[in-house]
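I opened my notebook for this one and wanted to see how the pieces pack together. Here is what I was looking at.

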Amino acid sequence: VAARHLFVCTNSRSSGKPACGPRGDALVAAVQIALLERGGGDALVTNCGCLGPCFDGPNAVVYPDGVWYAGLEPDDAAGLADHLAAGRVLTEKLSQRPGPELGSDPGPTDRAGDRAHPERSAERTDDRGADRR
Ligand code: FES
């Protein structure tokens, strides 16, 4: 089990709303290099989908610490590697609005589509009933 895990938003969108996208990708690469140079131990860096505060991006969060960062740049990679390897928080990049915002893009894992069509589950129940006859 990794001691710390950095999740960096690399979400892209075409709607015009700000997204971390390629800037997140660049940050992931920079932190991975910084960890290799520093000797990051068992820390992990993973790209992820939208974290919520898109206007403040690129955004990232470190677990299990629950520390949220915003406005990150590749130049912050060494500081993030320090957090991952030694627990030193990069205080100048702490997020002022951590966590998902209400009404934010739910992303591709949203299951609301299933809930919006309860008749589908009723159809499945009917089918099972027909099989038993
Ligand atoms: S697109 Fe990165 S936090 Fe939403």
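This is a predicted model: local features need pLDDT of at least 70, side-chain atom pairs count only at pLDDT 80 or more; totals for chains, interfaces and linings use all residues.

Entry 1: I started with helix 1, which covers residues 21–38 and has 18 residues. From first C-alpha to last I got 26 Å, close to the 26 Å expected at 1.5 Å a residue.

Entry 2: Which residues of helix 1 are buried? I listed Gly21, Gly24, Leu27, Val28, Ala30, Val31, Ala34 and Leu35. These buried residues pack against strand 1 (5–9), strand 2 (44–48) and helix 2 (77–86).

**Entry 3: helix against helix.** I then checked how helix 1 meets helix 2. Their axes come within 8 Å and cross at roughly 60 degrees, so the two helices are oblique to each other. The contact involves Leu27, Ala30 and Val31, among others, from helix 1, and residues including Leu80, Ala81 and Leu84 from helix 2. I noted the crossing as right-handed.

**Entry 4: the core.** Which members of the largest nonpolar core touch the most others? Out of its 20 residues, they are Leu6, Val31, Leu80 and Leu84. Helix 1 gives this core its largest share, six residues. I also looked up Leu6: setting aside neighbours within four places in sequence, its contacts include Val31, Leu44, Val62, Leu80 and Leu84. Apart from this core lies another, of six residues, with Cys9, Leu51, Val61 and Trp68 among them.

How values were computed. Residues are numbered from 1 along each chain as its sequence is written. Side-chain values use heavy atoms; hydrogens and water are left out. Helices (H or I, at least four residues) and strands (E, at least two) are DSSP runs, numbered from the N terminus. The expected span of a helix is 1.5 Å times one less than its number of residues. Buried means under 20% relative accessible area, exposed over 50%, partly exposed in between (1.4 Å probe, protein chains only). Contact means heavy atoms within 4.5 Å. A nonpolar core is a set of buried Ala, Val, Leu, Ile, Met, Phe, Trp, Tyr and Cys residues joined through side-chain atoms within 4.5 Å. Axes are lines fitted to C-alpha atoms, for helices over the stretch in contact, and angles run from 0 to 180 degrees between N-to-C directions. Angles under 35 degrees count as roughly parallel, over 145 as roughly antiparallel, 65 to 115 as roughly perpendicular and the rest as oblique. A crossing is left-handed if the near helix is turned anticlockwise from the far one by less than a right angle, and right-handed if clockwise.
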